[in-house]
Amino acid sequence: MTIRLEPRVQPPGWLSAAITFAAVGVALVISGVIIAVVGGDPVRSYIHILNAAFGSIGVLSDTLVKATPLLLTGLACALAFRMRLWNIGAEGQFLLGAWGASAVVLAPILPPGTPGFIVIPTMMLAGAAAGGIWGLIPGVLRARLGVNEIITTLMLNYVALFWVQFWVFGPWSEGGFQQTAAFPPEAFLPRLTDFASSVPAFDGLTVQLGLVFGLVAAGIVWLFLERSRWGYEIRLAGDSQRAARYAGVDIARNVIVVFAISGALAGLAGMSEVSGVVHRLQDRISPGYGFTAIIIAYLARFDPFKVIVASVLFGALILAGREIQPSGVPAMIQGIILFSLIVAEVFVRYRVRIERSVAAA
Amino acid sequence: MTAATPAQPARTATPAIEAVGVVKSFPGVLANDHVDFDLQPGEIHALLGENGAGKSTLMNIFAGLYRQDEGEIRIEGRSAAFRSPRDAIAAGLGMVHQHFTLVPSQTVSENILLGLDRPRFLLDPHGSEDEIRRLAAQFRLQVDPRAKIWQLSVGEQQRVEILKMLYRGARILIMDEPTAVLAPQEVEELFRTLRAMTTAGRSVVFISHKLKEVIAIADRITVMRRGRVTAAGLPAAGATPVELARLMVGRDLLEVYERTPFAPGEVLLSARDVEADNDRGLPALRGVSLDVRAGEIVGIAAVAGNGQAELAQVITGLRPCRGIVTVGGRRTSNLSPGHAIRQGVAHVPEDRTGEGSAPNLSVADNLIMKRFREAPVSRGWLINGAVARALAESLKDEYAIAAPSLDTPARLLSGGNLQRLILAREIETNPALLVACQPTRGLDVWAIETIHRLLLELRQHGAAILLVSGDLDEILALADRIDVMYEGRIVGSFDARTADLQKIGLLMTGGDGGSEPPTAAVDAGGTLGSS
């Protein structure tokens with residue numbers, strides 16, 4: 001008996017979605033087996049995760065809080081991956097964005113007492129700009145000198161990490177702790193709970209305006225990619241760089257622009273996190289959002305709207321995972337999901353045939 | 001692995017390979033309908049047919065890539081059912097595909113050794129190089145075992161593919177359209193190799209749809225049409241192109257096109273003293289000057305690797321150069337491909353799948369590649385989807401591009417349909433100049449005819465056309481003027497009506513076109529061994 005892989009000529013549209021769901025299912029089964037082996041009850045664990053992530057309005061809101069940075073960094077990755085630029089640096093761009101936004105109140109760029117409607121947009125701009133510049137560096141290196149972007153973006157993550165650490169341990173440290181002083185309330189992104197006085201149902205809901213940034217960004221990225229001239233150039237260059245050059249596309253310019261926008265999206269995620277959730281800059285502000293974003297972009301097959309769904313799923317996993325174990329198992333589940341997705345890619349492109357051997361070799 | 005015995009005993013009655021009543025169907029297509037075929041030891045048996053006639057299917061069954069639904073395959077008299085090309089090569093049957101399977105960054109000998117069980121751990125470069133040199137000398141396959149694949153011309157890469165099979169002890173070689181990518185000179189060299197192989201008792205299946213070549217090289221010819229054998233094992237001696245064409249396409253071939261009288265207008269393309277380097281940084285163009293006028297087709301006749309590809313790239317803005325190129329009086333050289341497009345330069349590139357189209361984008365997306373920047377396809381920074389689709393739809397109908405829908409990825413189109421797509425897109429821009437590179441290479445007779453007609457129609461509309469082709473017949477059929485290129489220079493220019501084929505052939509291969517024998521004054525590019 002032999003197993004053969006035959007290429008599919010044109011995979012039907014539903015197949016890719018079905019296989020993605022199947023892959024996530026298989027990943028959950030494998031994870032369940034491991035949970036069982038180490039003495040846990042997989043069914044109870046999953047039910048617990050489900051409840052802890054979606055069980056009530058309160059936890060759903062917490063899930064969305066976790067999903068917000070994932071959504072923006074996921075879009076950053078999806079956009080770059082669409083042009084086959086492997087931006088592995090969303091983590092660093094996120095950190096720089098958080099740092100840039102913090103600088104507005106801590107440097108300070110705006111004097112204390114500036115009203116919120118000026119502080120918030122300035123922080124958004126500063127965060128996006130800092131992340132954008134962090135994306136621009138590998139973009140320019142790739143476009144002008146042909147430097148491999150996977151290596152530069154990966155390495156710049158560490159530079160960003162140490163850069164933030166320098167500021168939170170040093171100049172901006174609050175009394176020697178590895179965090180800065182809390183921001184003034186003008187620098188907070190509004191949360192639902194802030195309106196509890198007029199709508200009592202919002203009480204305790206921490207979902208903040210950053211989620212809206214993410215949803216709007218998803219719409220804009222989709223519009224650009226699928227409907228604009230520039231998006232057509234990105235899709236063309238992503239499929240065949242030679243064909244794009246032949247069609248008159250300026251590849252170098254597009255590489256730089258895509259990297260800058262990708263970095264800016266991740267930077268905005270950083271801003272949303274410091275301004276909407278943490279309210280200060282601190283060490284370890286990201287539990288690896290920028291890396292999870294890579295999985296999310298893959299899971300969504302680089303489609304901005306599917307990024308929304310995938311980031312909510314992973315937001316739930318990060319939030320509720322903590323309920324079963326502070327680290328370890330949730331990270332393992334994430335890893336197994338990515339692994340299954342990559343394996344599943346084979347089944348989208350090939351059909352598996354099992355044949356009984358006719359003639360003995 | 002069975003040892004390769006170079007000297008096969010004299011011809012026996014047992015065929016080297018034999019297909020008996022082979023049936024193979026794909027969804028909607030009966031690719032092989034009770035096909036019989038036999039290859040005698042020491043013969044070259046040509047398999048002739050249009051694209052889609054079922055030749056490749058039959059050969060893929062031989063090589064173990066497909067399995068037949070009915071019928072039997074026999075190798076040297078024994079029934080065989082290979083499950084993979086590996087099994088096939090172990091039985092002495094090797095296939096050289098049209099698209100090569102070589103690793104560009106590795107050397108010739110590394111590529112030849114790739115995938116072999118022996119040597120197990122350490123490569124023995126010298127031992128294997130000696131063996132490769134010996135095989136190369138025996139079968140006239142000149143290639144340096146230490147050269148890297150990317151440094152080789154297409155013809156040389158093909159030699160590596162053949163060597164790979166011979167090194168594995170292949171006694172039967174299947175060549176799938178081997179001449180589609182070769183220049184005339186390289187075809188001659190390939191033929192010498194094939195003859196050397198049959199002299200050594202090996203046998204060759206030669207797949208082609210070029211009638212003259214088949215008559216020149218084959219001992220016997222089998223013709224297929226729509227999955228059936230229309231003529232089995234005709235002796236090649238005595239076969240005529242007209243007869244074969246009728247068997248192949250079921251109708252007479254149109255060789256001479258009706259064309260409007262030659263009435264050239266103003267000079268649209270002008271190149272002066274153009275010099276450029278190739279990808280390896282070596283001089284490829286050494287002072288080329290030429291003009292193409294409105295309503296004129298200028299054919300560039302050259303053996304592959306003599307600068308014609310670089311010339312096309314310089315004109316279309318894809319390659320930097322020294323010297324000047326103008327289109328319609330304005331400079332296009334050393335600007336950008338986008339600039340050339342805006343000046344009305346259309347381009348049918350040699351590499352249809354890698355450069356002329358984006359394989360995973362839809363037919364519709366591929367059809368707007370040259371139009372997406374301008375109204376009405378674009379509206380501000382957005383693309384007007386409805387207009388783009390309407391344009392694509394009308395082009396698909398007008399140029400008879402057979403595709404299930406506008407959303408079909410371009411990679412699923414057949415060669416002829418993809419080339420019609422590219423031509424439709426380029427002609428639709430109403431170009432001042434069209435640079436067409438190898439526009440019909442690898443296409444079947446019907447596709448070639450439609451593409452030739454499109455080019456002549458464009459000429460009639462007053463466009464200037466620069467036709468780069470390795471097929472002299474094509475150039476003679478279409479061009480008004482023929483420029484011969486050799487070693488990056490234009491070495492002769494002829495009026496197509498009075499052109500002397502012999503002289504062109506001589507100039508293409510480095511002769512001076514006169515009575516004197518060529519002197520080896522030009523530094524050898526290494527691709528041509530004129531003898």
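How many bridges join strand β16 of chain B to β19(B)? Read on to Figure 1 for the count. This is a predicted model, where local features need pLDDT of at least 70, side-chain atom pairs count only at pLDDT 80 or more, and totals for chains, interfaces and linings use all residues. Residues are numbered from 1 along each chain as its sequence is written, while chains are lettered from A and ligands numbered from 1 in the order in which they are written.

**Figure 1. β19(B) and its strand partners.** The answer is 4 bridges, and β16 (residues 345–348) and β19(B) run parallel. Strands here are DSSP runs of E, at least two residues, and helices are runs of H or I, at least four residues, numbered from the N terminus. Two strands pair if DSSP finds at least two bridges between them. Val345(B) sits opposite Leu433(B). Another 5 bridges link β19(B) to β20 (residues 464–469) of chain B, again in parallel.

**Figure 2. β19(B) under cover.** Of the 5 residues in β19(B) (433–437), 5 are buried (20 or more other C-beta atoms within 10 Å of a residue's own, with C-beta atoms placed from the backbone). Leu433(B), Val435(B) and Cys437(B) cover one side, with Leu434(B) and Ala436(B) on the other.

**Figure 3. Where chain B meets chain A.** Here 28 residues of chain B are in contact with 22 of chain A (C-beta atoms, placed from the backbone, within 7 Å). On chain B's side, α10(B) gives the most, with 3 residues.

How values were computed. Two residues are in contact if their C-beta atoms, placed from the backbone, lie within 7 Å. A residue is buried if 20 or more other C-beta atoms lie within 10 Å of its own, exposed if 12 or fewer, and partly exposed in between; C-beta atoms are placed from the backbone.
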